[in-house]
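Keep the structure open while you read.

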Amino acid sequence: MIGAWLVHAFTASGALLAYLALTDAIGGNFRRAFLWLVASTMVDAVDGALARLARVKERTPQFNGSKLDDIVDYLTFVFVPAFIVHGAGLLPDGPVGFVVVAAVLLSSAYGFSREDAKTADHFFTGFPSYWNIVAVYLVALQWPGAVNAVILLICAAGVFVPVGYIYPSRTVTLRRLTVVAGIVWGVALVAIIWQLPTPPRWLVLTSLLYPVYYFALSFVLALQRRLRL
């Protein structure tokens, strides 16, 4: 039982990392804020496997680790990245910027609350709230606020569109390619964060190939699933 509670504590540590990221974002140190979010993503990447290994559902039946994971994920994938984008001045001033942030926060609150947010065949339903990744690219590319607002609103609308997005480590189709390419892309993303606020533009643009692959594969598989149904 101790091992199961240690896994829950490990998952909960993501909330502390979110707090550290928010503190640095408030201070304008967006590079370090993103590094804390990278650390929280690493926690999120392994806590599920640890939970299964420790058999947390069997040993702590009175505690919902999935709910804890969702709370932490909302903080690290949604709330802090939304604050960074707004706090970095990447959105239009005034009510428009607030509306965009509200769209991000509220759409993801809906997405996290869906019973079918994750399907049995390992897909996310609707845009899977990868706002931490979107925020890195917006900070790195420094596009005009109006462009950033349109991108965020499109992603927020995508939460409500029932397209299945692949779960990189669990969706069977092209899983090895997805995982290997994802590792390479992850290293590139950390390199981009490390060199903020002025990372090499060629690196930023080249790294976008993986998100393009991710969305393309998701849409192709979603179409195949729909045709089968």
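Begin at Ser129. Leaving aside residues up to four places away in sequence, Ser129 touches Phe77, Val78, Ser108 and Phe112. The model is a predicted one. Ser129 itself sits in a loop, the one between β1 (123-125) and α6 (131-141). Is Ser129 buried or exposed? Its relative accessibility is 4%, so Ser129 counts as buried; the cut-off for buried is under 20%. Now look for Cys155. Ser129 and Cys155 are 26 residues apart in sequence. In space, their C-alpha atoms are 8.2 Å apart.

Ala88 lies between α4 (65-87) and α5 (95-113). Its relative accessible area is 27%, and Ala88 is therefore partly exposed. That class covers values between 20% and 50%. Along the chain, 64 residues separate Ala88 from Asp24. Their C-alpha atoms are separated by 12 Å.

Now turn to a helix pair. Helix α2 covers residues 30-54, and helix α8 covers residues 175-194. Their axes come within 9 Å. The crossing angle is roughly 155°. Why is α2 described as roughly antiparallel to α8? Because angles over 145 degrees count as roughly antiparallel, that crossing makes α2 roughly antiparallel to α8. The contact itself can be traced by side. From α2 come Arg31, Phe34, Leu35 and Val38. From α8 come Val190, Ile193 and Trp194. By class, the residues of this contact are six nonpolar, no polar and one charged.

How many cavities of 30 Å³ or more does a search of the whole structure find? The search finds two. The largest cavity has a volume of about 60 Å³. Its lining includes Pro81, Ala82 and Val85. Leu91, Val100, Val101 and Val104 also line the largest cavity. Trp131, Val134, Ala135 and Leu152 are lining residues too. Helices α4, α5 and α6 each supply at least two residues of this lining. What classes of residue make up the lining of the largest cavity? Eleven are nonpolar, with no polar and no charged residues.

The second largest cavity holds about 40 Å³ of space. Among its lining residues are Thr11, Gly14, Ser40, Val43 and Asp44. Asp47, Asp69, Val72, Asp73 and Thr76 line the second largest cavity as well. Two or more residues of this lining come from each of α1 (2-26), α2 and α4. By class, the lining has two nonpolar, four polar and four charged residues.

Finish with an open space. The second largest pocket contains about 230 Å³. Eleven residues line this pocket. Which of them are closest to its centre? They are Pro162, Val163, Gly164, Arg225 and Arg226. Helix α10 (residues 209-228) gives the most to the lining, with three residues. By class, the pocket lining has five nonpolar, three polar and three charged residues.

Terms used. Residues are numbered from 1 along each chain as its sequence is written. This is a predicted model: local features need pLDDT of at least 70, side-chain atom pairs count only at pLDDT 80 or more; totals for chains, interfaces and linings use all residues. Side-chain values use heavy atoms; hydrogens and water are left out. On a 1 Å grid over the protein atoms alone, a cavity is a set of points where a 1.4 Å probe fits but cannot get out, and a pocket is an open set with protein on both sides within 12 Å along at least five of seven lines; lining residues have an atom within 4 Å of a point. Grid points are joined across faces, edges and corners, and a volume is the space filled by probe spheres set on the points. Helices (H or I, at least four residues) and strands (E, at least two) are DSSP runs, numbered from the N terminus. Ala, Val, Leu, Ile, Met, Phe, Trp, Tyr, Cys and Pro count as nonpolar, Asp, Glu, Lys and Arg as charged, and the others, Gly among them, as polar. Axes are lines fitted to C-alpha atoms, for helices over the stretch in contact, and angles run from 0 to 180 degrees between N-to-C directions. Angles under 35 degrees count as roughly parallel, over 145 as roughly antiparallel, 65 to 115 as roughly perpendicular and the rest as oblique. Contact means heavy atoms within 4.5 Å. Buried means under 20% relative accessible area, exposed over 50%, partly exposed in between (1.4 Å probe, protein chains only).
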